[in-house]
Amino acid sequence: MNSIISFMKRNYKILIVIVCLSATLFAFNINTKKTVDPERDKLLLELLTFVIEKGHYNPAIIDDNFSKGVYKDYIAALDPSKRFFLQSDINEFSKFELELDDQLNNKDLTFFNLTYDRLMLRMEESKKIFKDILSKPFDYKIEEDFNVDYDKAPYAKNSTELKERWKKQIKLSTLSSFTDKQKLEEDKKVKDPKYVEKTDIVLENETRESSLNSLNESFGFMNELKRDDWFTLYINSIMSQFDPHTSYFAPEEKERFDVSMSGKLEGIGARLQKKNDYTEISELISGGPAWRGKQLEAGDLVMKVAQANGVAVDVVGMRLDDVVKKIKGPKGSEVRLTVKKVDGTIQVISIIRDIVEIEETYAKSSVVEKNGLKYGVIYLPKFYIDFENKDGRDAGKDIALEVDRLKKAGVNGIVLDVRDDGGGSLSTVVDIAGLFIEQGPIVQIKSAGKKKEILYDTDKKIEWDGPLVIMVNGFSASASEILAAAIQDYKRGVIIGSKQTYGKGTVQNVIDLNQFVRNSAAGDLGALKTTTQKFYRINGGSTQLEGVSSDIVMPDRYAYLKMGERDEAHAMPWDKIDPAPYAVWKDNSKFDQAIANSKKRIEQNIQFKLIEENAKWIDSRSAENTYSLNIDKFKVAQNEIENIAKKYKPIVDYKNNLKFTSLPYELEGMSKDPSLKEKRERWHESLSKDIYVEEALNVLDDLQPKSIVKNNIPEIKKGKLVKS
């Protein structure tokens with residue numbers, strides 16, 4: 001997870017060296033003569049190491065240990081399945097294991113050039129290997145197995161061993177597909193006795209064809225990668241040694257990051273994907289210019305792109321990123337797409353580009369009635385902000401609007417759902433937390449060698465003073481954790497969810513590298529996202545590694561898997577500072593009883609017991625890495641897994657019997673926009689199957705200021721859960 005919290009994108013006061021960078025970096029001025037790639041690469045390394053060493057919160061020492069870390073991570077990133085490099089390659093590479101720190105300081109590209117050239121060679125050889133393997137049928141009666149724990153696997157000693165590894169990898173994939181196809185044929189025969197089943201020979205051939213197509217597509221994608229893309233991988237193997245959230249953004253990646261943070265882009269409002277040599281329209285973004293025009297459709301293949309009255313450029317066979325660049329453009333400009341429609345006809349479609357808002361990025365709310373009361377559920381997928389436009393949408397303003405709408409709808413409590421929310425803008429956290437308290441500190445920030453800074457909510461207005469529950473899980477990170485921590489420290493609401501949140505307690509700033517280079521012929525150099533600060537709860541504790549512990553812990557299917565910050569290499573340590581002065585929320589007398597009631601419900605709930613049991617089973621399965629390639633043994637093993645998995649099917653089939661609906665303003669929009677209507681219906685359906693949301697609403701029941709006659713403890717009868 002690579003989430004970011006950025007206090008101010010251009011708040012460079014934390015980088016005191018920036019003031020003198022202009023003078024220091026005169027050496028980086030490039031003349032107008034065209035720069036060859038190696039020189040650009042050296043310039044990038046020089047810029048990155050200089051800025052990161054001066055600006056990182058606690059930069060690592062670039063020594064032999066640093067070099068070993070870069071070597072290990074980079075080789076693993078190049079060949080994670082160990083299906084390209086031979087042991088002889090690794091022996092050759094390993095000579096550089098303790099030299100990469102020196103190469104970095106000297107801007108020496110010897111190691112990168114060697115590994116890049118060798119990878120290109122091995123990839124070409126691998127194409128021949130898998131095509132040869134898939135040219136003839138597999139014998140699934142042979143007694144052999146394959147271990148998918150690639151970390152512990154040795155590299156192949158020679159090409160014969162490497163081909164055998166490829167064969168077993170592919171065989172495992174096709175065996176799984178083959179047995180699935182057999183089962184599908186059997187099911188068809190059961191449903192229709194007249195159905196003529198495909199023979200095993202036909203099915204086996206189909207699985208090999210499918211595998212060949214998949215591998216061709218995979219290699220096609222890798223062939224589209226430029227040398228710069230692989231160099232970015234090398235750079236980020238260096239950057240990750242500083243901490244898991246420091247990374248280099250190549251120009252295209254920086255653009256994608258800005259879009260993800262703002263939730264909007266300028267273009268036609270269509271998602272594209274590669275389909276062989278063609279670029280396919282995979283989805284139209286609701287409300288965008290392509291969607292409004294009603295001419296472009298999902299499934300259309302883009303053949304040519306023209307700018308207004310310019311010459312149409314053939315884009316068949318072109319890299320997806322390059323096609324995207326030609327289609328995107330500023331608001332008000334025209335692009336003409338020559339597309340092949342699903343019916344085979346060719347059509348030229350003119351579209352005027354516009355600002356496209358990616359609706360899935362933004363906060364949304366729903367209302368539900370339970371026990372005669374009305375509650376609001378707000379889902380916040382990200383703490384988004386438009387850094388370039390202070391009047392643009394941001395999470396703080398949108399949550400305030402949703403809270404106001406729910407108040408007008410007469411809700412008796414609010415659930416704010418930040419599950420799977422990986423973070424975003426720090427300033428929006430302060431705004432959101434401030435909606436629920438009168439005023440006071442929200443988060444403390446510390447920069448290296450400086451006094452702490454406290455960010456306050458200074459507005460005395462309380463947007464919502466009623467019962468509040470914050471939902472979190474193990475993927476709630478950074479900004480989500482600040483919000484949950486502040487609400488918990490104030491005892492303003494109840495935190496419910498996984499045992500702890502992700503545990504990311506660091507702040508990143510995005511620094512445009514182009515600002516340090518004048519008259520550059522090297523083109524766009526991208527940006528550096530680097531850790532510049534740590535944040536702390538108002539009680540003084542860090543959320544780094546430890547995250548936020550839920551007041552009410554609910555069983556989680558993935559609770560035992562190692563996916564938090566504490567499981568990341570090079571993660572920064574936990575520490576604490578002095579607390580900030582703050583006053584605890586006074587109206588929290590029902591908290592202890594509400595928490596106790598919820599814990600009792602969870603302990604007695606059959607569904608939660610099943611989820612906990614499933615979590616332990618998933619954890620045990622993660623340690624099983626060896627699969628038989630003998631079809632009979634494979635089927636026995638798969639049947640055992642499927643029989644156990646059936647036991648956990650009630651988890652996904654669960655329904656809470658609650659009806660969730662949109663607010664009036666959105667119902668009006670849904671009547672005009674079928675796409676929005678479909679998305680909201682899907683969301684409401686998922687809420688109606690969500691036991692976690694149901695329990696959060698139960699907690700809101702218990703937090704009500706006036707007692708309501710109800711029985712919050714589920715009654716267990718004859719092994720079934722009876723909801724009251």
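A salt bridge here is a side-chain nitrogen of Lys or Arg within 4 Å of a carboxyl oxygen of Asp or Glu. The whole structure holds 44 of them. This is a predicted model: local features need pLDDT of at least 70, side-chain atom pairs count only at pLDDT 80 or more, and totals for chains, interfaces and linings use all residues. Residues are numbered from 1 along each chain as its sequence is written, and side-chain values use heavy atoms, with hydrogens and water left out.

**View 1. Salt bridge between R118 and E92**. The closest N and O atoms are 3.0 Å apart. R118 belongs to helix α6 (residues 110–133) and E92 to helix α4 (residues 87–93), so the pair ties together parts 26 residues apart in sequence. Helices are DSSP runs (H or I, at least four residues), numbered from the N terminus. R118 is buried at 16% relative accessible area; E92 is partly exposed at 30%. Buried means under 20%, exposed over 50%, partly exposed in between (1.4 Å probe, protein chains only).

**View 2. Salt bridge between E402 and R405**. N to O, the distance is 2.9 Å. Both residues sit in helix α13 (residues 395–408), three residues apart, or about one helical turn. E402 is buried, with a relative accessible area of 4%. R405 is partly exposed at 24%.

**View 3. Salt bridge between R601 and E695**. Their closest N and O atoms lie 2.8 Å apart. R601 is in helix α16 (residues 591–604) and E695 in helix α22 (residues 691–702), so the pair links parts 94 residues apart in sequence. Both R601 and E695 are buried.

**View 4. A salt-bridge network**. D89, E92, R118, R122 and E125 are joined through shared partners.

Conventions: Helix = DSSP H or I, 4+ residues; strand = E, 2+ residues; numbered from the N terminus.
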